[in-house]
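Colleague: I have a set of labels to check. Take me through each one, with the cut-off behind it.

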Amino acid sequence: MPIPQRLSWPVKKILNSRDLFQEFNAQQMLERKVFSIKKLYKCMQGEHDKVNWRRIICNNSASPKAIFITWLTLHDKLATKSRLYSGGIAPDKQCVLCENADETKSHLFFDCPTANIVWKICLQQIRLTYHKRNFCDEVQLVANRSHNKSPQAQLYTMFFTEALYRLWTYRNSSLVFARVKVDTLVLCKQIIFNVACRCAEDVRRLLIV
Ligand SMILES: [Zn+2]
């Protein structure tokens with residue numbers, strides 16, 4: 001049976017798996033008790049190139065919701081106003097935080113003055129000086145650090161993830177929906193609190209309190 005194109009990608013993926021199950025002889029393997037979920041998972045996953053930022057997602061103790069938003073951002077799937085505007089959904093593409101530039105992911109998370117303050121305060125917590133970079137350079141830097149097991153590298157990856165998430169929710173709930181501005185310092189405290197709660201005890205000692 002052909003799969004309707006209007007279905008969402010998870011449903012299409014599930015329906016596509018029917019053929020894969022038959023190719024994999026999953027039923028027969030189950031009957032012969034030689035079924036391997038690992039082999040089936042790898043088969044369903046398919047062959048893909050490894051992305052350089054994979055450890056930001058897989059080697060990170062940040063909260064799952066923050067990791068999910070980061071994953072969406074890295075896939076360029078976050079519904080920023082620039083993307084919505086190009087799809088004819090949003091009436092404008094102005095950044096809701098500074099109202100002074102187009103709201104792209106690069107602007108919202110790195111170029112916007114609010115984001116600059118957040119990065120500056122967060123990195124002070126791990127004794128680092130903030131240097132403004134574009135999105136690709138920052139992702140490359142975090143991707144490199146995410147391979148490192150040092151406490152500072154772990155914290156850097158966590159701050160990157162939690163800050164992205166908080167900036168995104170700040171943009172959504174405080175400005176788009178409620179239209180109530182939150183003090184940037186409160187935003188930073190939420191990020192630092194989340195990182196401190198989720199990192200290992202030996203890593204937490206590095207944080208300035
Ligand atoms: Zn802005």
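Modeller: Start with the metal terms. Donors are N, O and S atoms within 2.8 Å of the metal, or 3.2 Å for Na, K and Ca; water is not among the atoms, so sites may look incomplete. Four donors count as tetrahedral if all angles lie between 85 and 135 degrees; four count as square planar and six as octahedral if opposite donors are over 155 degrees apart and all others between 65 and 115; anything else is irregular. This is a predicted model: local features need pLDDT of at least 70, side-chain atom pairs count only at pLDDT 80 or more, and totals for chains, interfaces and linings use all residues. Residues are numbered from 1 along each chain as its sequence is written, and side-chain values use heavy atoms, with hydrogens and water left out.

Colleague: What makes the arrangement around the zinc ion tetrahedral?

Modeller: The angles subtended by its four donor atoms run from 102 to 115 degrees. For reference, ideal angles for four tetrahedral donors are 109.5 degrees.

Colleague: Which protein atoms are the donors of the zinc ion?

Modeller: Cys95 (SG), Cys98 (SG), His107 (NE2) and Cys112 (SG), at 2.1 to 2.4 Å from the ion. Their spacing in sequence is C-x2-C-x8-H-x4-C.

Colleague: Why is the pair of Phe110 and Trp119 called stacked?

Modeller: The ring centres are 5.3 Å apart and the planes meet at 5 degrees, so the pair is stacked. Phe110 is buried at 0% relative accessibility. Trp119 is buried as well, at 3%.

Colleague: And what makes Phe110 and Phe135 edge-to-face?

Modeller: Their centres are 5.7 Å apart and their planes stand at 65 degrees, so the pair is edge-to-face. Phe110 lies in helix H7 (residues 105–111) and Phe135 in helix H9 (residues 135–145), so this pair ties together parts 25 residues apart in sequence. Helices (H or I, at least four residues) and strands (E, at least two) are DSSP runs, numbered from the N terminus. Ring pairs link Phe110, Trp119, Phe135 and Phe160 into a cluster.

Colleague: How do you know that Arg145 lies over the face of Tyr156?

Modeller: A charge sits over a ring if NZ of Lys or CZ of Arg is within 6 Å of the ring centre and within 35 degrees of the ring normal. Arg145 is 4.3 Å from the ring centre of Tyr156 and lies over its face.

Colleague: Where is Ser63, and what does Ser63 touch?

Modeller: Ser63 is in the loop between helix H4 (54–58) and helix H5 (64–74). Its relative accessible area is 7%, so Ser63 is buried. Contact means heavy atoms within 4.5 Å. Leaving aside residues up to four places away in sequence, Ser63 touches Glu162 and Arg198.

Colleague: How many helices and strands does the protein chain have?

Modeller: There are 12 helices and zero strands. Buried residues make up 41% of the 209 residues.

Definitions and conventions. Rings of Phe, Tyr and Trp (its six-membered ring) pair if their centres lie within 6.5 Å; planes under 30 degrees apart count as stacked, over 60 as edge-to-face and the rest as tilted. Buried means under 20% relative accessible area, exposed over 50%, partly exposed in between (1.4 Å probe, protein chains only).
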